[in-house]
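Hello,

Here is the structure I promised to pass on. My notes follow below it.

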Amino acid sequence: MRQESSKLKNKQKIRILKNPRLRKIRYELRTLLTLEYKKRMKELNKNPDTSLNYDERKKKLKIILKDREKLKLTFHRSPISCWVCGDRMNDLIQDLDSLFWFCVNCHQDFRFY
Ligand SMILES: [Zn+2]
């Protein structure tokens with residue numbers, strides 16, 4: 001197993017995995033995590049109980065929005081997929097300012113300043 005992690009001088013972290021079998025396993029794990037993320041987001045997108053009164057619904061919606069934002073940030077700040085194109089196969093680079101992960105191609109085009 002060969003995995004390299006290095007910190008580049010312009011605030012990036014990159015994870016490189018060269019073994020093709022390990023890359024496939026990593027891809028499968030990333031796919032599972034992505035499916036779980038989508039499932040949870042779908043659950044959070046359901047409308048709150050219609051039997052609640054207006055204030056209770058408003059309160060519940062606020063909680064749901066907060067949970068969605070938290071889940072979204074956790075997902076995109078984990079090395080699962082590229083924040084821009086969603087690629088799960090290739091090595092990812094983390095932007096240490098935003099903490100989001102990018103594939104090499106998207107990272108060259110998109111940077112936080
Ligand atoms: Zn990408």
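Start with the helix pair: the crossing of α1 and α2 is left-handed, a term used when the near helix is turned anticlockwise from the far one by less than a right angle (clockwise would be right-handed). Helix α1 covers residues 20–45 and helix α2 residues 54–76. Their axes come within 10 Å and cross at roughly 165°. Axes here are lines fitted to C-alpha atoms, for helices over the stretch in contact, with angles from 0 to 180 degrees between N-to-C directions. The two helices are therefore roughly antiparallel, the word for angles over 145 degrees.

Who makes the contact? From α1 come Y37, R40, M41 and L44. From α2 come I64, D67, R68, L71 and F75. Contact means C-beta atoms, placed from the backbone, within 7 Å. By class, this contact has six nonpolar, three charged and no polar residues. Nonpolar covers Ala, Val, Leu, Ile, Met, Phe, Trp, Tyr, Cys and Pro; charged covers Asp, Glu, Lys and Arg; polar takes the others, Gly among them.

A word on the source. This is a predicted model, in which local features need pLDDT of at least 70, side-chain atom pairs count only at pLDDT 80 or more, and totals for chains, interfaces and linings use all residues. Residues are numbered from 1 along each chain as its sequence is written.

Now the whole chain. Its elements run β-β-α-α-β-β-α from the N terminus. Helices (H or I, at least four residues) and strands (E, at least two) are DSSP runs, numbered from the N terminus. Of the 113 residues, 12% are buried. Buried means 20 or more other C-beta atoms within 10 Å of the residue's own, exposed 12 or fewer, partly exposed in between, with C-beta atoms placed from the backbone.

Next, the loop between α1 and α2. N47 sits there. N47 is exposed, with 9 other C-beta atoms within 10 Å. Its C-alpha atom is 9.6 Å from that of K60, 13 residues apart along the chain.

Last, the hairpin. Strands β3 (residues 92–95) and β4 (residues 101–103) pair in the antiparallel sense over three bridges; pairing requires at least two DSSP bridges. L92 stands opposite C103 in β4. Five residues lie between the strands. L99 belongs to that loop. Its phi is near 70°, a positive value in a residue other than glycine. L99 is partly exposed, with 14 other C-beta atoms within 10 Å.

Best wishes

Definitions and conventions
Parallel < 35°, antiparallel > 145°, perpendicular 65-115°, else oblique. Contact = placed C-beta atoms within 7 Å.
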